[in-house]
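Dear colleague,

Please find below the structure that I am handing over to you. My notes on it follow directly after it.

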Amino acid sequence: MIDWIRIDELRDEVGQDDFGDIVGVFFEEVQEALENLRRADTVVTLLGQLHFLQGSALNLGFSNFAAICRNEENSLQKDPSHKVEIDKIYGEFSSSKQQFYESNLIKE
């Protein structure tokens with residue numbers, strides 16, 4: 001799910017012209033963080049990437065994506081042997097991104 005109110009707030013804050021640039025940077029940074037998540041070899045690195053993803057997602061209104069990252073981060077903090085569901089995280093990001101593009105707020 002996407003928080004469309006947050007999307008509207010952000011677009012109002014930065015203006016329509018800069019909104020597309022911000023979304024583009026968000027998608028690039030999230031893709032990089034997801035790749036880092038796959039390569040992470042320590043709990044600390046996993047936690048850092050999950051926290052970054054959660055915060056980035058909340059800033060842009062990707063609420064379900066943020067919730068999954070938060071849940072995975074919390075589970076990993078409680079149990080360092082927790083296997084992070086990276087495919088689930090990727091899937092939610094992909095689904096949210098598609099939903100966002102289908103809104104026609106910006107073009108791919």
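This is a predicted model: local features need pLDDT of at least 70, side-chain atom pairs count only at pLDDT 80 or more; totals for chains, interfaces and linings use all residues.

In these notes, a residue is called buried under 20% relative accessible area, exposed over 50%, and partly exposed in between, with a 1.4 Å probe and protein chains only. By that scale S103, at 30% relative accessibility, counts as partly exposed. S103 lies in the segment after helix 5.

Residues are numbered from 1 along each chain as its sequence is written, and side-chain values use heavy atoms, with hydrogens and water left out.

Some further terms are needed. Helices are DSSP runs (H or I, at least four residues), as are strands (E, at least two), and they are numbered from the N terminus. Contact means heavy atoms within 4.5 Å.

Helix 3

Helix 3 has 18 residues and covers residues 43–60. From its first C-alpha to its last it reaches 26 Å, close to the 26 Å expected at 1.5 Å a residue; the expected span is 1.5 Å times one less than the number of residues. Its buried residues are L46, L47, Q49, L50, L53, Q54, S56, A57 and L60. Their cover includes helix 1 (4–14), helix 2 (16–39), helix 4 and helix 5 (86–102). One of these buried residues, S56, has 12% relative accessibility and touches F26 and V30, not counting residues up to four places away in sequence. After helix 3 comes G61, whose phi is positive, near 90°.

Two packed helices are described by the angle between their axes and the distance between the axes. Here, axes are lines fitted to C-alpha atoms, for helices over the stretch in contact, and angles run from 0 to 180 degrees between N-to-C directions. Angles under 35 degrees count as roughly parallel, over 145 as roughly antiparallel, 65 to 115 as roughly perpendicular and the rest as oblique.

The axes of helix 2 and helix 3 come within 10 Å and cross at roughly 160°, which makes helix 2 roughly antiparallel to helix 3. The crossing is left-handed, a term used if the near helix is turned anticlockwise from the far one by less than a right angle, with right-handed used if clockwise. On the helix 2 side, V23, F26, E29, V30, A33, L34, N36 and L37 take part, and they meet L46, Q49, L50, F52, L53, S56, A57 and L60 in helix 3. This contact has twelve nonpolar, three polar and one charged residues. In this classification Ala, Val, Leu, Ile, Met, Phe, Trp, Tyr, Cys and Pro count as nonpolar, Asp, Glu, Lys and Arg as charged, and the others, Gly among them, as polar.

For helix 3 and helix 4 (residues 63–78), the axes come within 8 Å and cross at roughly 155°. Helix 3 is therefore roughly antiparallel to helix 4.

Helix 4 and helix 5

Helix 4 has 16 residues and reaches 22 Å between its end C-alpha atoms, close to the 22 Å expected. Its buried residues are F65, A66, A67, I68, C69, E72, E73 and L76, and they pack against helix 2, helix 3 and helix 5.

With helix 5, helix 4 packs at an angle of about 165°, the axes being 9 Å apart; the two are therefore roughly antiparallel to each other. Their crossing is left-handed. N64, F65, I68, C69 and E72 in helix 4 meet K88, I89, E92, F93 and S96 in helix 5. By class, that contact has five nonpolar, two polar and three charged residues.

S96 counts as buried at 0% relative accessibility, and is in contact with I2, F62 and F65, leaving aside its neighbours within four places in sequence. Y90, also found in helix 5, is in contact with Q31, L34, E35 and R38, with the neighbours within four places left aside. Y90 and L34 are 56 residues apart in sequence and 7.2 Å apart in space, C-alpha to C-alpha.

Yours sincerely
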